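Good morning, and thank you for coming.

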Amino acid sequence: MPRNPLRESLQAGRFCHMVEIVASAISREARLLEIATQLGLTPGVVAGSITSYAGGSAGQDPVRVGTAARARGLTPSIHITCVSQDRRGLRHRLEDIAAIGLENIFAITGDYPKGSSSVFDMDSVELVTLINELRQAGMPFWIGVAVSPFKYTEPDCAYQYLKLEKKFAAGADYAITQLGYDVRKFTELKRYLDDRGIRKPVFGNVYVLGLKPAEKMSKGEPPGCWVAPELVERIREEVKAKDKGEATRLERAARMTAMLRGLGYGGAYIGGTHKPEFVRWIIERGQELAPQWEELAKEFTYAPKSAFYMYAQSSAPPRAPLGFASRVMNAFWHLLSPTQVREGSLFQKWVTAIARAIDRRPGLSQKLEKAEFMVKSPAFGCQSCGNCVLPDMQYVCPQTCPKQLRNGPCGGTNMGQCEVIPEQPCIWVKVYDRAKAANELDLLKVYIPPPDRSLKGTSAWLNYFLDKDSRPGHPKDLSRPPAPHKEESKDDITVSQ
């Protein structure tokens, strides 16, 4: 197996640096590869992170760029997103990556494609599960995932951490934070993992922040990145300097690197510059400043005024318990849920026999599906996916999420609002609030597999009892092409007789 400095450094507990290489459509590949050559010679840089669909726009093929970067001495980490690919396509792409000897994968859901109404066939947790299955089959992947601690409402913040736990349980090896400038959030994430005995390394995001990116990020572009208005104003003053604020930007990045080292992070994920000389300076200056990290950390306190912090004493009133009507509705649907039928019981055998009889009569099964839809649609926004997981989601339908995610919110939520439809609350806020009110937050850690989309428009009740659906505890591997149908030959018939 060829050397993998990224894996080796993290396994050894050495603080290291990864540099983001944005392979956008307007980037000249020759220039990217020249940068890769120089970064490969920069001490402390263990990998170049090759982006895909950054900000929701398609760029150059990260596998092609990564393969060429490796040939020039830089270990690549390939971004794999769930954007515009079904699970079979993702499996095929991962098999191709393994075949050419690339090991490092950064597995993310991805930003919603601009000008698209795309459905995400998988989410990041499901993608990590697929990659880990391929690893168990012998493909030596090293898996990175994203987390955004810079969420300032309780549901957004807590769900980011819950989802990170699911990613690690699914097989992720390390995480990279989204961008933020708040030391309390960096500290909070580290404490959350330490309190749960999760010893996985985390890279902190360090960005060489210019004025234009700061202004965009202050408005939530790209999704998941956030820069406080106060920091934007400070950068406006800095760009008035003779060097347009360049020295100050680099110094800020170096100080963040020193802070991350002091906090016990696994490394710094450096973005916002492709200049190897700047990267080298940030690394060397960060090492020089490392003994002063606690004092430097006091500079990074940019947060909203009403920010939520998990370990802070809150003066806010406790969240109201689930209302009487909601409790009655939940109890009613809980009793009606097929999951309440005890496996192996006489009742289950009886219901399954009825389900088989209905399934053999297309007209009857269609009527059942319509009746199910008429009941579940007004109550939960059901869209007849045929793979019902309402009991696992506090009776909030995942199909109402624009990305149709099933294991938690994406990183693009903004103060409880949806990334794709900003005027719409994120559905996962409701899931979290209902779970907390019912004292069932641990249930949100249950892995929900991707649905069998061929079942859309069929009865989820029938599919459950006939074991056709994909659900927690009963996943279906739909990433492989179906086995070809084998017709019986005369010889087969003779043997079977």
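Predicted model: local features only at pLDDT ≥ 70, side-chain atom pairs only at ≥ 80, totals over all residues.

Residues are numbered from 1 along each chain as its sequence is written, and side-chain values use heavy atoms, with hydrogens and water left out.

The chain has 18 helices and eight strands; these are DSSP runs, numbered from the N terminus, with helices being H or I of at least four residues and strands E of at least two. Of its 497 residues, 51% count as buried, meaning under 20% relative accessible area with a 1.4 Å probe, protein chains only.

Let me turn to helix α5, residues 124–136. Its end C-alpha atoms are 18 Å apart, which agrees with the 18 Å that 13 residues should span at 1.5 Å a residue; the expected span is 1.5 Å times one less than the number of residues. Eleven of the 13 residues in α5 are buried, among them Val125, Leu127 and Ile131. The buried residues pack against β3, α4, β4, β5 and α6. At the N-terminal end, Asp123 caps α5, with a side-chain oxygen 3.1 Å from the backbone nitrogen of Val125. After the helix comes Gly138, with a positive phi near 115°.

Helix α10, residues 246–263, has 18 residues and reaches 26 Å from first to last C-alpha, close to the 26 Å expected. Its buried residues include Arg249, Met256 and Leu263. Just after α10, Gly264 takes a positive phi of about 95°.

Terms used. Buried < 20%, exposed > 50% of the residue type's maximum accessible area, 1.4 Å probe, protein only. Contact = heavy atoms within 4.5 Å. Polar contact = N/O pair within 3.5 Å; in protein donor to acceptor, adjacent residues only side chain to side chain.
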